[in-house]
Amino acid sequence: MARITYREAISQALREEMHRDERVFIMGEEVGVWGGTYAVTRGFLEEFGEKRVRDTPIAESVIVGAAAGAAILGLRPVAEIMTINFAFLAMDQIVNHVAKLHYMFNGQIRCPMVIRTVGGGGRQLAATHSQSPDVVFAHFPGLKVVAPGTPADAKGLLKSAIRDDDPVFFIEHATLYPVRGEVPDDEDYLVPIGVSDIKREGKDVTIVSYSKMLQVSLEAASRLAEENIEAEVIDLRTLRPLDTRPIIESVRKTNRLVVVEEGWRSYGIGAEIASRVMEQAFDHLDAPVRRVAQAEVPLPYNRRLEQMALPQVEDVIRAVKDVMYL
């Protein structure tokens, strides 16, 4: 098992799937000659050629629409949208067409495509380039939404997404690209879509998170352990379909829940998790559910202000101690 970065894990998954299946191809802005804005597809043009690594104009609705057409006709496109903020420009294609095709044509049409994009803040890219609107895309049935928080999950989930017969919206966090972790070398290593994972076991409190905030939550759990507080950390990995079974079972054991997300608190994933726990495990709660989220402002450019707006390890620790009445 190799120890590689989140970026290398995603690149490895793409390369292996393109070698495995000739129907898989990549398209997007700067994915070819430049090798991708985040260097995920560097060397792909030389390895696979122009037919399977296609640079596109800066036209997100065209990228998604063309990918959808290719998928309908039997190919398996991976369409790269440079940042999730630009996905709004292709919103009609994504939510009104890609997500609905299979249903609207009574199952006669499949749309096996992946939309890869990059989300999250923390890089001083200011308000319009640092958003985490993950839950917006997870709102629409027909679209699977995946957001891995570790290199191993990034590889296994992307390979599953490419092999899936339904459209998958795959969100990578920009600040996770240099994060290293052990990743299986097996070319058939798959992580199932729609299955949450317990990343750290504990008995005192349940912390639920995903993507970059998983790393923040794990750091908080490590520091809490130094104070003899054992937090169980659950990684959602997939926002739609949402697997809440491990969360309910964990809350029934710990009796306390903190949900950590990078997006805004209002109408967010934390609100959804809290509501489902209230429906299924209310009698097991010893404290109100706490949500840790981004301050409800457009994310500032100034680094100090940006860090103040984003959830930090200290915010998670404080929330855990609140639900434990410490």
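Reader: What makes up the lining of the second largest pocket, by class?
Author: Five nonpolar, five polar and three charged residues. Ala, Val, Leu, Ile, Met, Phe, Trp, Tyr, Cys and Pro count as nonpolar, Asp, Glu, Lys and Arg as charged, and the others, Gly among them, as polar. The model is predicted: local features need pLDDT of at least 70, side-chain atom pairs count only at pLDDT 80 or more, and totals for chains, interfaces and linings use all residues. Numbering starts from 1 along each chain as its sequence is written, and side-chain values use heavy atoms, without hydrogens or water.

Reader: Which of the 13 lining residues lie nearest the centre of the second largest pocket?
Author: Gly-122, Lys-212, Gln-307, Leu-310 and Gln-312. A lining residue has an atom within 4 Å of a pocket point; a pocket is an open set of points on a 1 Å grid over the protein atoms alone, where a 1.4 Å probe fits, with protein on both sides within 12 Å along at least five of seven lines. Helix H8 (212-225) gives the largest share, three residues.

Reader: Which elements each supply at least two residues of the lining of the largest pocket?
Author: Helix H6 (134-138), strand S12 (238-240) and helix H10 (269-281). H10 gives the largest share, three residues. Helices (H or I, at least four residues) and strands (E, at least two) are DSSP runs, numbered from the N terminus.

Reader: Why is Glu-17 called buried?
Author: Its relative accessible area is 0%. Buried means under 20%, exposed over 50%, partly exposed in between (1.4 Å probe, protein chains only). So Glu-17 is buried. Glu-17 sits in helix H1 (residues 6-20).

Reader: What makes Glu-17 and Arg-20 a polar contact?
Author: Their side chains are joined at 2.9 Å. The limit is 3.5 Å between N or O atoms; within protein, one must be able to donate a hydrogen and the other to accept it, and neighbours in sequence count only if both atoms are side-chain atoms. So the pair qualifies.

Reader: How do you know that S1 and S8 pair?
Author: Four bridges join S1 (residues 2-5) to S8, antiparallel. Pairing needs at least two DSSP bridges, so these strands pair. Thr-5 stands opposite Arg-180 in S8.
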